[in-house]
Amino acid sequence: MMNKERKKMNIENQIAELFRAGVANPENKLNGVVDYDFVCADIMIEMSIDILIEEMGSLDEFYKVFDSLVDIELALEAA
């Protein structure tokens, strides 16, 4: 595996870990429902927007990963 691919996998794993922590954080829930905007903000604060852009190339790439995590979470909740 190329170094660039490994680096991208690492950053995506970090995002996934922070996403899980954000979803579990009671401060990110309104009336018992996860507010994904709060989860997203937590990740951006923890990692910094500059690092996300540097590591992923753009915020659009971050949002692709984040949106896929939200889709997975919603599918698990519906199951």
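This is a predicted model: local features need pLDDT of at least 70, side-chain atom pairs count only at pLDDT 80 or more; totals for chains, interfaces and linings use all residues.

Biologist: Where does isoleucine 49 sit?

Modeller: In helix H3.

Biologist: And what does isoleucine 49 touch, not counting residues up to four places away in sequence?

Modeller: Met44 and Leu59. If you want a distance as well, the C-alpha atoms of isoleucine 49 and glutamate 61 are 12 Å apart, and these two residues are twelve places apart along the chain.

Biologist: OK, what about H3 and H4, how do their axes cross?

Modeller: At roughly 90°, and the axes come within 8 Å. H3 (residues 49-56) and H4 (residues 59-78) are therefore roughly perpendicular to each other.

Biologist: Which residues make that contact?

Modeller: From H3 you have Ile49, Leu52, Ile53 and Met56, while H4 brings Leu59, Glu61, Phe62 and Val65. Seven of the contact residues are nonpolar, one is charged and none is polar.

Biologist: Let's zoom out. How many helices and strands are there?

Modeller: Four helices and two strands. Going along the sequence, the order is α-β-β-α-α-α. The C-alpha atoms fill a box of roughly 45 × 25 × 20 Å along the principal axes.

Biologist: How much of the protein counts as buried?

Modeller: 28% of its 79 residues. As for contacts between residues at least 6 apart in sequence, 51% link residues at least 24 apart.

Biologist: Which residues of the largest nonpolar core touch the most other members?

Modeller: Ile15, Phe19, Ile43, Phe62 and Phe66, out of 19 residues in that core. H1, H2 (36-47), H3 and H4 each supply at least two residues. H2 gives the most, with six.

Biologist: Take phenylalanine 19, then. What is it in contact with, leaving aside neighbours within four places in sequence?

Modeller: Phenylalanine 19 contacts Tyr36, Val39, Ile43, Phe66, Leu69, Val70 and Glu73.

Biologist: Switching to asparagine 28: buried or exposed?

Modeller: Buried, with a relative accessible area of 4%, and the cut-off for that label is under 20%. Asparagine 28 is in the loop between helix H1 (3-24) and strand E1 (29-30).

Biologist: What does its side chain do, I mean which side chain does asparagine 28 make a polar contact with?

Modeller: The side chain of aspartate 42, at 2.8 Å. Beyond its neighbours within four places in sequence, asparagine 28 contacts Gly22, Val33, Val34, Asp35, Phe38, Val39 and Asp42.

Biologist: What about asparagine 31, buried or exposed?

Modeller: Exposed, with a relative accessible area of 82%. Asparagine 31 lies in the loop between E1 and strand E2 (33-34). Its phi is positive, about 55°, although asparagine 31 is not a glycine.

Notes:
Residues are numbered from 1 along each chain as its sequence is written. Side-chain values use heavy atoms; hydrogens and water are left out. Axes are lines fitted to C-alpha atoms, for helices over the stretch in contact, and angles run from 0 to 180 degrees between N-to-C directions. Angles under 35 degrees count as roughly parallel, over 145 as roughly antiparallel, 65 to 115 as roughly perpendicular and the rest as oblique. Contact means heavy atoms within 4.5 Å. Ala, Val, Leu, Ile, Met, Phe, Trp, Tyr, Cys and Pro count as nonpolar, Asp, Glu, Lys and Arg as charged, and the others, Gly among them, as polar. Buried means under 20% relative accessible area, exposed over 50%, partly exposed in between (1.4 Å probe, protein chains only). A polar contact is a pair of N or O atoms within 3.5 Å; within protein, one must be able to donate a hydrogen and the other to accept it, and residues adjacent in sequence count only if both atoms are side-chain atoms. A nonpolar core is a set of buried Ala, Val, Leu, Ile, Met, Phe, Trp, Tyr and Cys residues joined through side-chain atoms within 4.5 Å.
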